[in-house]
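Visitor: Could you take me through the salt bridges of this protein, and then show me how the nonpolar residues are packed? I would like a close look with the cut-offs spelled out.

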Amino acid sequence: MASASQNRAPKVVSVLMLQLTLLLLLLLLFSSTQVLAQSSQPVFACDVASNPSLAGFGFCNTSLGVSDRVADLVGRLTLQEKILFLVNSAGSVSRLGIPKYEWWSEALHGVSYVGPGTHFSSLVPGATSFPQVILTAASFNASLFEAIGKVVSTEARAMYNVGLAGLTFWSPNVNIFRDPRWGRGQETPGEDPLLSSKYASGYVKGLQQRDDDPDKLKVAACCKHYTAYDVDNWKGVDRYHFNAVVTQQDMDDTFQPPFKSCVIDGNVASVMCSYNQVNGKPTCADPDLLSGVIRGQWKLNGYIVSDCDSVDVLYNSQHYTKTPEEAAAVSILAGLDLNCGSFLGQHTEAAVKAGLINESAITNAASNNFATLMRLGFFDGDPSKQLYGKLGPKDVCTAANQELAREAARQGIVLLKNTAGSLPLSPTAIKTLAVIGPNANVTKTMIGNYEGTPCKYTTPLQGLTASVATTYAPGCSNVACATAQLDDAKKLAASADATVLVMGADQSIEAESRDRINILLPGQQQLLITEVANASKGPVILVIMSGGGMDVSFAKTNDKITSILWVGYPGEAGGAAIADIVFGFYNPSGRLPMTWYPQSYVDKVPMTNMNMRPDPSTGYPGRSYRFYTGETVYSFGDGLSYSKFNYELVRAPKLVSVPLEEGHACLSSDCKSVDAVEQSCQNLAFDVHLRVRNTGGMSGGHTVLLFSSPPSVHNSAQKHLVGFEKVFLGPRTHSFVRFKVDVCKDLSVVDELGSKKVALGEHVLHIGDLKHSLTVRI
Ligand SMILES: *[C@@H]1O[C@H](CO)[C@@H](O)[C@H](O)[C@H]1NC(C)=O
Ligand SMILES: *[C@@H]1O[C@H](CO)[C@@H](O)[C@H](O)[C@H]1NC(C)=O
Ligand SMILES: *[C@@H]1O[C@H](CO)[C@@H](O)[C@H](O)[C@H]1NC(C)=O
Ligand SMILES: *[C@@H]1O[C@H](CO)[C@@H](O)[C@H](O)[C@H]1NC(C)=O
Ligand SMILES: *[C@@H]1O[C@H](CO)[C@@H](O)[C@H](O)[C@H]1NC(C)=O
């Protein structure tokens, strides 16, 4: 026993030593892969300089067209090799000089660290973090959408050049913000199909477009999540199991338009199919939705990618097919090209062997992926010798880029309430400002989700303190605000000349996989606000930082709360932008991109009911400003200015005639609407010409929103946005705005079967309080 135990001691030591050695080896291995992952070299194929034999390959020959090069490449690959290129962590083929490529990078509102394709390092420690998309959408400034995309793609290219980023970014998210509870509504451009469409095409152009060659790509964008995806996790219903039951009419006039515009107007290089089912079919396995619509009707030039990992989900969670091979076959045959995840890497070869799918379909999918990489210059050899090759760390977080982040936040922030004598605060008259609330001094909260490391942060407190002396109390330990700490906050408010309360939400309240149940301010926030307001000596400014709308009816009607601002998640410079508005250095011009419903709405309406249109037989109230007529807290398009604007109609027709070919049925019988088909619609457009006047004493931006109410046929929207135009006007100046209205595109409605129709009869155009009647006849 004794000797045995004596013997054991050295063994324990040697085992320990062995473990230590192994650990050291592992550490070494890890740190060397770390070094590899963070090498400052970009990843690219056809490195002819270090391997001259590659020059002979057609796919490396830049004088050939993309399709010839792709055909040459896939012609050299075995089935097994092609399958390596169907997944996001693509494989390498060293005999052809093709390195591994990681497809998954994100750039929703700045280059993001979400996804394995992009990293920050000491070389590039951060990138410009723009406001979360819902706030940028609130700017209603289409050129801003594109300007942001352009900066983001420049920073992305700069990071690619030093080996820190990929070239394929799975952004933007253009799903319609259908229900206020959706945790990912913050990522979207809001509830309106037209605004979302303009955002999609604008941001995508900013990311992708090159001046030198319209077919080449600066970086590749991706519109997601196709389609009717907007339930994450609500009362036990999650996105992996949810079947969205959608009518053809809602599909065509609500859920599809942003994707259509993204592909057709934005020329996007990719569309991502979602996790959910639509009418009983997983979107990633639906040939009508993928091959039929995206490729067939919209003519996508690029690749269709699955969410991560939708193919696994349709097999393992939804049990849509009996075997994994069938799941692989059915999704590729539906039109899927790339699988985020590993499912297709594991099961595609067996699917081919089992005869469920032919190799030609695999070749086709891989070809779509390769073609995208070709357009990005990935097969053109050394990137430093190409356009954008000189971009590097110096081009990230430049002063101009960071200024645009601040400008975007300023342009988006929405002034919802302003009692005379409240905002703007005078930075000279205010001696002390009480700054209160759990979001008053936050950093990360301001950048929302799908974020990157920002260049730097300016918190609201820091922004306000730059102009006046402040006192600060958080009032709650976090946004959940289980117990409001009233005493300090009330004391500060009572002794300050004005009070700013920065309240709202963060990712613990609304996030991916986290939908809300109620839309009131969390916990005791309302108590804190009301008590602080009552104790305040001066004006009380309530700042709501959130993605989704909040039921703040109590604040709207409380006279002690003199102003309300909604600031979304305003990005890295959010605090500076809030201060710019609070002190009147910038005149607010944002408008709400979504309806703010009362809590009673969500108590009554299941989040899972996808219908946009009301149903009088069940009392279902419908959704969005287009269909919902009930009470709102604030409405789509709401947003005040420190100035006043009015409109005067200069010119618009009172009558539009739709020409019909001889023998058309509507010529002999009474039709309520006619098909919006090519022939009768050609050149059927008119101008709406307006004078917009700034009648106030402060210069500022102002978005003119043009709505149309069609005659009530086909259960159509009560009104819909036809166009928007943002103008900047000095005090007491005017300018002219001209909308080109295409009758078939802009005034048509979608009927119950999904066909576009132009209603005959009286259409009413609205611009603010101005209304203009227009008769459409045959
Ligand atoms: C590249 O393609 C062009 C056009 O077909 C051809 O003339 C040229 O010889 C090719 N270059 C190489 C290196 O093969
Ligand atoms: C494979 O190709 C053959 C010949 O073109 C065709 O008959 C067959 O239907 C294809 N199989 C599948 C699963 O697509
Ligand atoms: C506000 O936040 C900044 C950044 O996190 C921090 O440095 C500062 O100490 C905070 N100020 C107060 C008064 O807590
Ligand atoms: C407001 O404050 C006054 C004292 O200044 C107090 O009498 C009153 O009860 C307060 N009202 C509310 C609603 O808290
Ligand atoms: C719209 O955004 C662009 C880009 O930032 C900016 O130059 C322009 O002034 C903005 N328009 C208005 C009216 O604010």
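Guide: A salt bridge here is a side-chain nitrogen of Lys or Arg within 4 Å of a carboxyl oxygen of Asp or Glu. This is a predicted model, in which local features need pLDDT of at least 70 and side-chain atom pairs count only at pLDDT 80 or more, while totals for chains, interfaces and linings use all residues. Residues are numbered from 1 along each chain as its sequence is written, and side-chain values use heavy atoms, with hydrogens and water left out.

Let us start with D250, which pairs with R613, their closest N and O atoms being 2.6 Å apart. D250 sits in helix 7 (residues 248-255) and R613 in the loop between helix 20 (599-604) and helix 21 (624-627), so this bridge ties together parts 363 residues apart in sequence. Helices (H or I, at least four residues) and strands (E, at least two) are DSSP runs, numbered from the N terminus. Both D250 and R613 are buried; buried means under 20% relative accessible area, exposed over 50%, and partly exposed in between (1.4 Å probe, protein chains only).

Now turn to R375 and D215, a salt bridge whose closest N and O atoms are 3.6 Å apart. Because R375 belongs to helix 13 (residues 359-375) and D215 to the loop between helix 6 (193-208) and strand 3 (223-226), the pair links parts 160 residues apart in sequence. R375 is buried, at 6% relative accessible area, whereas D215 is partly exposed, at 34%.

D395 and K394 form a salt bridge too, with closest N and O atoms 2.8 Å apart. D395 counts as buried at 17% relative accessibility, but K394 is exposed at 62%. Elsewhere, salt bridges with shared partners join R184, E187, D232, R239 and E512 into one network. The count of salt bridges comes to 32.

On to the nonpolar packing. A nonpolar core is a set of buried Ala, Val, Leu, Ile, Met, Phe, Trp, Tyr and Cys residues joined through side-chain atoms within 4.5 Å. The largest one has 213 residues, and those with the most contacts inside it are F379, L433, V552, L565, W566 and W596. Helix 5 (residues 142-161) supplies the largest share of this core, nine residues. Take V552: leaving aside residues up to four places away in sequence, V552 touches L521, I544, W596, V633 and Y634, where contact means heavy atoms within 4.5 Å. Another core, of 33 residues, lies apart from the largest one and includes A652, L690, C744 and L747.

Conventions
Chains lettered and ligands numbered in written order.
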